[in-house]
Amino acid sequence: MKNLSLRKTDPPPAGKGKAAQRSIFQKLAAVPHAFWTVLFIAAPMLFVLYFAFTDTEGNFSFSNITDLGQYTNVFILSIAFALIATAVCLIIGYPLAYFMSRQSPKAQKILMVLIMLPMWCNLLIRTYALMALLDNGGLLNSLLGKLGLEPLPIVGSYFGVILGMVYDFLPYMVLPIFTAMTKLDYRYIEASHDLGCNAFQTMTKVVMPLTLSGVVSGVTMVFVPSISTFYISQKLGAGKIDLVGDTIERLFQNVSTYNVGAAMSLVMMILILISLTIMNKFSDEEGGMVP
Amino acid sequence: MNKRFASLLLALLLLALPVLGLVSCDDGVGDTVTLYVYNWGEYMSDGSEGTLDVNEMFEEWYYETYGVRVKVNYSTYSSNESMYAKLSSGSVHYDVVVPSDYMIERMIAEDMLAELNYENMPHIGNIHPDFFGPDAIYDYYDPDNKYAVPYMYGMIGIIYNTTMVEADDPSLGSWQLMWDERHTGNILQFNNSRDAFGTAQYFLGLDVNSSDEAEWRKALEKLKEQKHVLQGYVMDEIFNKMENGSAAIAAYYAGDFLAMYENNEDLEFFYPAEGTNLYVDAMCIPKTSRNKEIAEAYIDFMLTEAPAVANAEYTYYASPNTVVRENEEYIEYMNSIKEGGYELMYNTDTVWTSSYKNLGGEQLIMFNELWEELKSDIQVGLPIYIICAVILVILIGGGTFLGVRKKIRDRY
Amino acid sequence: MKFLSKCYIGLIFFLLYIPIVVLIVFSFNESGSLAEFSGFSFMWYEELFHDEEAFSALRNSLVLAVSSAAIATVLGTFGALGLHRMKRRYIKQPIMTLTNIPMMNPDIVTGVSMMLLFVAVATFLDTRDLFGFGTLLIAHVTFNLPYVILSVMPRFQQLDKSLSEAAQDLGCTPSKAFFKVELPEIIPGIVSGLMMSFTLSLDDFVISHFVSSPNFQTLPLYVYNQTAHNVKFSMYALSALIVAVILVILLVVNFAGSAADRKSRKGGRS
C-alpha cells in the first residue's frame, strides 16, 4: 500500500523499483535450481573435460584424443548409420504423417495413440522383440524356411542395425511432422490449388515449407539417439558391429579406460552440437518465408 | 485439462510419495543384515522351474542357527572383466564374489581379497584334494589356499547344431570349425577378451599366458580373420541363440552345453583336439566386505550337500565337491540329461588343457589394447560411403537452394 | 489416391506393430519358443508373478519415478519463477543454457558425465555406498529438470502481470499474491511437467545404467539384465503387460483430455 502513491506519479520503472516489491522468497526462487544445475550439470561436464585431457595418473595430456584415431571407422560408421536411419525415417515418415493428417479427426486421434504407443513403450523391449522376430531362428526365418525360401541373416548385419534404428525411432520422426501438418491451415492448400498449382507444386511450395519445423525437430529426434545408441547395435549387431555408443559403454566398464571414454564422449558431443546448429540454421532460414 | 482435475492429480501424486517411501523402506527395518553376493549369470540354483532356492535356504538356515535375519542380495555379471570393473570402480561393495582362476590371481595381486578364516568353514573338507589342500593340482591361482574356495570348474568346448553341421564335416573336432567359411554368419564367439583370445591361441598352438607381444599379435590376426565369418560376439545370449537355431556353432563352457541340450537335442559338443582351457571358479570375499563372518558362513553353506548338489544340478558344471561327485542320484541325473553327461563334465584327462594365469600390469594394458583393436576393426564399405554421400549432397544442395531462394525473395 | 494412402498407413503401422504383437502373442506360448506356437498357456504370467526380482524392480522404478518427478517439479517450478523474474541476462542466460544441456546431449553422455562425478565424489569420501537410490535420484531429477522448466516457463510468460499487481494493491503480500493469484494459473504447466518427468524417469535406461548399483535395480535395468542372459520367457509376459498398461493409459489420457504433443518435446531417449 505504501507504494501506491508513488506508483501513480512515476511511470513504472522497469528495473529496480519493481524488483523491490518482490519478496525475498521470489527473489531467491531460482537459487536452488541454479545450484542444482551447476552441481549436477556443469560439474559433470567439467569432469568429462578433465578426464578427456588427462592420463590415468591425472597429468595433462592429449593422448586420449590422439588415441581416438583407431576408432575412426567406428565414428564414420556411426555417423553413416545415423544419417541413413534418419533419411529412411524421413522418407517413410513424411508421407505417413501427411496421409495421417488427411484422415477424419476421429481416425487421427486413434492413429495418434497408435504412433505414441511404441514411443512410450520401453526401447529395450521393442528392440528385443524385433531381434527375437528377425533372428535366424526367429519367427520370420522359420516362416521363410517353411515356404522353402532361403533364410535372411539380418541379425549381425549392417542392415539389421539400421533397420533397428528405423524401427525404434520412426515414431519420433512422424509425431512432430504430424503435429505440424495438423496445424497447417487447409485454406493455404485450397488457395494454392485456386492459384493454379498442381498437386506436386502444392506439396513442394506450400506443404513442405510450412512443415519444415516439424521435419527439423523430427530429424533431430532421430539423429541424436541413433548416433549414440548401444543397445540396438548390441542386439541387432550381435556384438559384432561396434558403434560409438558401444565403444563408450565398453570403455566405461574399465577404470583404466575412463579417460579415452571421456574423450570419445566429448568428441561425440561436439559432433552433435555442430549438427544441431546446422539443423537449426535450416529451420531459421525457412522460418520467415511464409507468414 | 481443467484446473480442479489437475490440482487433484498433483495432490494425489504428492500424497503417493510418502506412502511409496514407506513401502520401499521396509527392507531396512529391524536387524536384518544384507549379504551382497555377486555371481555369474545362471550360476546358482535360484528356485526357478522347481529347483531349490539356495539363497532362501541359507537365509532360513542362518536364522535358525544364529537367530539373525540375513537377506541375500544376489546379482549377476557376465564376464570376469565386468565383475572386476564394477568392484574396482569403488562404487559398490560385495561380500561374496565368484571370479575365475586368473581373475582371482589378479585380485590377490592387487590386494582386493580378504584372507579366509577356515575355522568358520567346517565343511571345507568336502572339497576334493585335487582342488584344495597341500596336494592340490588345480589351485594354481591361490597355491596357499588362503583366499578362495573352489565353486565349480570346467572346460571350454565347441557346441554345434547337428541339423546345420554335417556329421562328416572335416572341421569337426578342431577349432577350425570356428573359422569355417562354409558356416559364415552362423558362428558365435566369446564376447570376453580372455576367452576369445584363448580360442585363437589354442587353435594356433600358442601359449595362452605368453609374455611375447608378437604371439598375442598372431592371435589377434587370427581373430580379425575370423570376424567376417562370425554372426557376433555374445555371452549368455548364446543360450537362446543356440537353443532356437539362430546360430550353428559356438565356443562356450561345457556345463552350459548340457543346459542348452536340455532344450534342444539337436545340439552336440566336443573338446577341440588342439587342446582347450580348464578353468576353476572360486568363491572369494573382497576386502571391502562388511560381513565377513556371514560371508564365510555363506560359502561354507554352499559346501554342504543339499545346496551343493542343487547348484551342480542347476548349472551342470563340474563340481570340486566330493559330496556332489560321489552322489549316486546326481550322477544319474547328469546322465539323464544326456547320455555320458557325467563323463563329459568330469573327464579332464582326455584332452590337453591349460589354464589362464594373471597377466602382469603392462601385459594387461597391451592385451586390453589388442581387444579394443579387434572390436574397433570395422569395415565401412563402399556402399555405405556412396549412400552417405548421396544423402549429404541432397542435404547441402537442398540447404543452399533454400538459402538462395530466400535471398532472391528477400530482394523483392 | 485416398485408398492408396490408407494402404500406406496400414502397411507402416502393420510393420511397426508386428514385433510387439508377436511378443504379446508368444507370451502365451506354452513352449516359450519364439518360432512356433505350440499351445496356449498362462504359465509365463504365473512365473512372472512369483518373480520377486521383477516386483522389487517395479517398486523401485515407481518410487524413483514419483520422487524424482516430485523433486524436479518443485525445483523446476521455483527455478522457472526465479528465472522469469530475473532481470540480469548474464546470470539468466547461462543458467538456461545449462538447464537445457541434458535435453540436447545424448543420454549416454549425460550418463557417463554423472558417473564420473559420482565416482570422483565416492573416491573423495572413500565410500562404496554412494551408488544406488541416491545417485539415481539425482540423475533422474537432473534430466527431468529441463522438461519441467520447458512446460512451466511459458505459463509464467503468459501470466498477466497486472493481476499480481492488483492483488498486491488490494492488500496481498507479494508471496500471498503469488500463491493466490499466480500459482493457480500455472498449475496446468506444473502438472504436465510432473507427468512428463514421471514417464521419462520410468522409461529411462541409459542414464540409470551408468549411475546405478546392483542393490537398486529399476525395471528397465531388470529388462536389460534379462536380455543379456538366458532370457526367461516370463520376460515376454512382463513386456506384454507393460505394453497393455501403456495402451490403457494412452487411451485414457488421449480420450479424456488431450495431452497429445507432450511426448513430442521429449526427444528420443536411449
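In the predicted model, helix α8 of chain B, which spans residues 254-263, is mostly covered, with eight of its 10 residues buried. The buried positions of α8(B) are Ala254(B), Gly255(B), Asp256(B), Phe257(B), Leu258(B), Ala259(B), Met260(B) and Tyr261(B).

Chain B is divided by the domain assignment into domain 1, made up of 30-152 + 281-338, and domain 2, made up of 154-278 + 371-375. The centres of domain 1 of chain B and domain 2 of chain B, taken over C-alpha atoms, are separated by 27 Å. Between these domains, 13 residues of domain 1 of chain B are in contact with 11 residues of domain 2 of chain B. On the side of domain 1 of chain B that touches domain 2 of chain B, the residues comprise six nonpolar, four polar and three charged.

The contact of chain A with chain B takes 30 residues from chain A and 28 residues from chain B. On the side of chain A that touches chain B, at least two residues are supplied by each of α6 (72-101) and α16 (258-287) of chain A, and α6(A) gives the most, with eight residues. Classified by residue type, this side of chain A has 14 nonpolar, 11 polar and five charged residues.

Chain C contains 11 helices and zero strands. Its C-alpha atoms fill a box of roughly 75 × 65 × 30 Å along the principal axes, and of its 270 residues 51% count as buried. Among the contacts in chain C with a separation of 6 or more, 76% are accounted for by residues 24 or more positions apart.

Within chain C, helix α6 (residues 133-158) and helix α8 (residues 174-203) pack with their axes 8 Å apart and at an angle of about 155°. Because angles over 145 degrees count as roughly antiparallel, α6(C) and α8(C) are therefore roughly antiparallel to each other, and their crossing is right-handed. To this contact α6(C) contributes His140(C), Phe143(C), Asn144(C), Tyr147(C), Val148(C), Ser151(C), Val152(C), Pro154(C), Arg155(C) and Phe156(C), whereas α8(C) contributes Glu185(C), Ile186(C), Gly189(C), Ile190(C), Ser192(C), Gly193(C), Met196(C), Ser197(C), Leu200(C) and Ser201(C). By class, the contact of α6(C) with α8(C) consists of 10 nonpolar, eight polar and two charged residues.

Notes:
Residues are numbered from 1 along each chain as its sequence is written. Chains are lettered from A and ligands numbered from 1 in the order in which they are written. This is a predicted model: local features need pLDDT of at least 70, side-chain atom pairs count only at pLDDT 80 or more; totals for chains, interfaces and linings use all residues. Axes are lines fitted to C-alpha atoms, for helices over the stretch in contact, and angles run from 0 to 180 degrees between N-to-C directions. Helices (H or I, at least four residues) and strands (E, at least two) are DSSP runs, numbered from the N terminus. Angles under 35 degrees count as roughly parallel, over 145 as roughly antiparallel, 65 to 115 as roughly perpendicular and the rest as oblique. A crossing is left-handed if the near helix is turned anticlockwise from the far one by less than a right angle, and right-handed if clockwise. Two residues are in contact if their C-beta atoms, placed from the backbone, lie within 7 Å. Ala, Val, Leu, Ile, Met, Phe, Trp, Tyr, Cys and Pro count as nonpolar, Asp, Glu, Lys and Arg as charged, and the others, Gly among them, as polar. Domain bounds come from an automatic or database domain assignment. A residue is buried if 20 or more other C-beta atoms lie within 10 Å of its own, exposed if 12 or fewer, and partly exposed in between; C-beta atoms are placed from the backbone.
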